[in-house]
Amino acid sequence: MIKWLKQLQKSFGTSFLWLVCLIYFTQGFRSFVWTAVSYQLKDKLKLSPSASQLLFSISFFPWSIKPLYGILSDCIPIKGRKRIPYLVIATVLSLFPWLVLGSKASLRSSYGPLTILLTAQNLGSAMADVVIDAMIAEAVRSERAAFAGDLQSLSWLGMALGGIFGSLLGGYALQNLQIDTIFLLFAVLPSIQLLSCGLVEEDFSASKVLPELANSSSHQENGNGSVSDTETNIVVKYKVTSRRKKGNKTKRTKQVNKTKKETPKKDDTLAVQLFHSLKSAIYSLCRAFKQPIILRPMAWFFLAQIIVPNLSTVMFYYHTEFLHLEPSFLATARVVGWIGLMIGTFMYNRYLKHMKLRRSLIWAHVGLATLSLLDIALVSRLNVTYDISDKLLVLCGSALADAINQLKFMPFLILSGQLCPPGIEGTLFALFMSINNLGSTLGSFVGAGVASVLNISSGSFDNLQLGIIIQIICTFIPIGFLFLIPKEATGIST
């Protein structure tokens with residue numbers, strides 16, 4: 001392990017590895033503070049389950065537009081740099097809301113300002129996620145490509161550790177600290193992240209604006225959506241230099257005069273290049289996405305998210321209001337969920353990656369529907385009849401739910417990687433992830449609507465069982481649309 005880390009340190013540098021680990025650890029550690037947000041909405045603002053879930057859905061919307069951040073950082077450098085300035089902006093957006101919420105009781109006690117600040121915080125986190133992915137992709141090119149898998153493994157390890165520690169410490173903090181203190185404590189990590197941004201150097205040459213992008217209907221990008229090194233090293237040339245020389249003296253004079261005439265328009269030319277660069281990037285993305293081989297599978301994954309109502313926030317209210325489960329136990333359940341997620345990843349890679357994706361997705365949805373029966377047993381109090389502990393049922397449900405969801409998410413990741421055409425892998429993959437996030441957000445909206453229609457509130461869970469039955473029925477609907485997934489697709493790259 002130590003030898004592996006030393007190899008990565010030698011290849012990428014200590015400051016870069018530190019920044020990668022810190023950002024991913026912070027992303028996982030977000031469970032520490034978002035648990036406090038859940039209790040703030042429930043206990044302080046007295047929001048209903050449907051209203052609380054609606055607020056969460058709105059505040060997490062920035063994760064659904066991730067390609068926008070990638071395109072901006074790829075096409076519009078700030079002071080000659082494409083990554084670090086955007087990472088600084090993202091970190092400030094991640095830091096500022098927690099400082100405000102921790103110091104201003106009036107803002108965290110009003111759902112309007114709270115929603116705005118939480119949305120800004122998610123905007124910063126989503127942007128940081130996109131930028132650090134881009135920096136990793138750039139770092140593993142050419143001679144460092146052999147370490148690509150190792151760097152990604154380190155990233156996932158950092159996020160997993162952050163998630164586990166965040167869940168454990170979040171439960172402890174809720175029982176021993178005030179919510180404002182929790183917000184301020186979490187702000188320490190983005191503060192360190194902001195300081196760490198100054199330790200990483202960025203190459204100016206990778207940030208030049210390309211006139212070639214303005215003159216082409218599409219452009220090539222590297223794995224993270226940024227322009228390739230070969231193109232970035234092209235020097236800006238005027239059209240006059242591309243003509244064949246007819247006479248050295250006459251031609252040289254014309255070139256000088258042409259250059260003098262164009263010099264005052266340099267700024268305008270740069271602005272036009274930026275505009276066409278953005279236009280070209282968006283055009284390439286849309287043109288690739290409109291292909292049936294890409295559009296149809298992504299449509300299925302999107303429908304599979306929005307058709308099934310997400311009742312997670314409603315179940316959180318049921319666990320705390322009706323079952324009176326303490327925060328420390330719910331934190332333990334989340335840790336078990338992280339373990340289930342890792343088990344699901346192992347199970348898929350070990351046993352299911354050779355299976356046709358259609359078949360594995362069928363089993364995933366059948367598993368999710370079957371697992372919902374545990375929620376019905378919990379809500380109907382059937383477990384009490386058979387002397388089964390509520391806590392045991394919640395722990396098992398948490399672990400199995402995350403494991404099965406990972407079995408569904410792995411085919412999404414694999415198919416996304418297979419469908420990305422060469423040249424725009426990074427930006428298109430970010431679009432795929434945004435589609436998945438947007439579907440999840442809309443599924444939360446649907447869940448909030450179901451809870452509202454059924455009049456499920458913190459004081460009344462009489463119709464919660466009916467809501468879960470509706471969720472189970474909806475879980476089987478996406479199976480009927482599996483014809484959108486390529487028939488022969490498997491978990492092995494083709």
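This is a predicted model: local features need pLDDT of at least 70, side-chain atom pairs count only at pLDDT 80 or more; totals for chains, interfaces and linings use all residues.
What share of the contacts in the protein chain with a separation of 6 or more comes from residues 24 or more positions apart?

Figure 1. Residues 24 or more positions apart account for 85% of the contacts with a separation of 6 or more. As you look around the protein chain, you will find 23 helices and 0 strands.

Figure 2. The chain has 494 residues, and 48% of them count as buried. Its accessible surface comes to about 24,000 Å². Carbon and sulfur atoms hold 64% of that surface.

Figure 3. Helix α22 covers residues 425-453, and F432 is part of it. Is F432 buried or exposed? With a relative accessible area of 0%, F432 is buried, because buried means under 20%. Look also for M298: F432 and M298 are 134 residues apart in sequence, yet their C-alpha atoms are 7.1 Å apart in space.

**Figure 4. A nonpolar patch on the surface.** Here you can pick out I339, M342, I343, F346, M347 and Y351, which form a nonpolar patch. Together these residues have about 590 Å² of accessible area.

**Figure 5. A closer look at M347, one of the patch residues.** M347 sits in helix α18, which runs over residues 327-352.

Definitions and conventions
Residues are numbered from 1 along each chain as its sequence is written. Side-chain values use heavy atoms; hydrogens and water are left out. Patches are made of residues with over 30% relative accessible area and no salt bridge: like charges are joined within 9 Å, nonpolar side chains (Val, Leu, Ile, Met, Phe, Trp, Tyr) within 5 Å. Accessible areas come from the Shrake-Rupley method with a 1.4 Å probe; for residues, only the protein chains shown count as cover. A salt bridge is a side-chain nitrogen of Lys or Arg within 4 Å of a carboxyl oxygen of Asp or Glu. Helices (H or I, at least four residues) and strands (E, at least two) are DSSP runs, numbered from the N terminus. Buried means under 20% relative accessible area, exposed over 50%, partly exposed in between (1.4 Å probe, protein chains only). Contact means heavy atoms within 4.5 Å.
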